[in-house]
Amino acid sequence: MKIAFLGMDLRIVAWVREFLRGRTQRVKVGGELSEEVRVTSGVPQGSVLGPLLFLAHVNDIWRNIESTIRLFTDDGVIYKKIINNEDIDSLQEDLDRLGEWAAENAMKINPSKCKAVRFTRVRVKNPLNYTIGDQLIPEASSCKYLGIIFRSDLSWADHVNCTVKKAWKALHFIMRILKKGNSSTKSLAYKKLVRPILEHGAACWVSVQGGTNIRVGQGAKESG
């Protein structure tokens with residue numbers, strides 16, 4: 001087990017092994033139960049250990065990858081600045097390594113749920129032809145990662161419009177439900193339900209707490 005190589009106490013390793021060993025599952029349809037089938041992979045759904053064991057399982061996915069790779073639970077991105085054909089080949093080699101890692105670890109990467117996006121303001125006609133497991137990754141003009149919409153032309157228009165739409169929806173909900181509420185209750189509802197939508201992933205934010213103005217800016221350079 002991979003957790004053994006992470007330096008875990010051997011007693012914990014043995015406990016987890018016994019927790020996963022010998023499990024079976026079956027399906028109930030219309031009052032009828034199917035025969036039991038052995039579960040040879042995965043963890044019990046809804047278990048507290050599930051997310052932790054998943055992270056331990058994918059913890060080494062970055063090994064032998066030269067491009068930058070970022071993971072958040074079961075979501076991830078891999079990217080590289082493209083200047084010439086050698087960079088394109090290098091990124092494709094890293095994608096091939098990801099496919100090999102998935103095969104070695106009994107996991108599947110679904111190319112249809114992946115997106116290949118080129119971030120640049122330069123007009124490029126050549127299509128993206130990156131693959132995983134001999135399957136072409138669909139090219140897209142934008143992608144959503146951790147609640148942020150990134151557009152290929154480096155514009156934040158889509159993300160701003162989506163954020164405003166979600167904030168208005170939450171605000172209208174509060175206005176309907178708390179139409180006769182007092183100002184304190186309305187203010188609390190706004191701070192809990194609307195403002196977090198506007199603040200999440202904001203490119204800049206101004207705080208005047210304590211008499212200090214703090215401004216944080218985020219910019220993007222052109223890259224392939």
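1. A residue is called buried under 20% relative accessible area, exposed over 50%, and partly exposed in between (1.4 Å probe, protein chains only). By that rule R11 is exposed, with a relative accessible area of 67%. D9, at 33%, is partly exposed. The side chains of D9 and R11 form a salt bridge of 3.0 Å, N to O (a side-chain nitrogen of Lys or Arg within 4 Å of a carboxyl oxygen of Asp or Glu).

2. This is a predicted model, in which local features need pLDDT of at least 70 and side-chain atom pairs count only at pLDDT 80 or more, while totals for chains, interfaces and linings use all residues. Residues are numbered from 1 along each chain as its sequence is written, and side-chain values use heavy atoms, without hydrogens and water.

3. The protein chain has seven helices and 12 strands (DSSP runs numbered from the N terminus: helices are H or I, at least four residues; strands are E, at least two). Of its 224 residues, 21% count as buried.

4. The structure holds seven salt bridges. In one of them, E199 pairs with R195 at 3.0 Å, N to O. These two residues lie four apart in helix α7 (residues 195-199), so about one helical turn separates them. E199 is partly exposed at 31%, and R195 is partly exposed at 34%. Elsewhere, salt bridges with shared partners link R151, D153 and D158 into one network. Within it, the closest N and O atoms of R151 and D153 are 2.9 Å apart.

5. A103 belongs to helix α4 (residues 85-104) and is exposed, at 62% relative accessibility. Its C-alpha atom is 9.5 Å from that of G133, 30 residues away along the chain.
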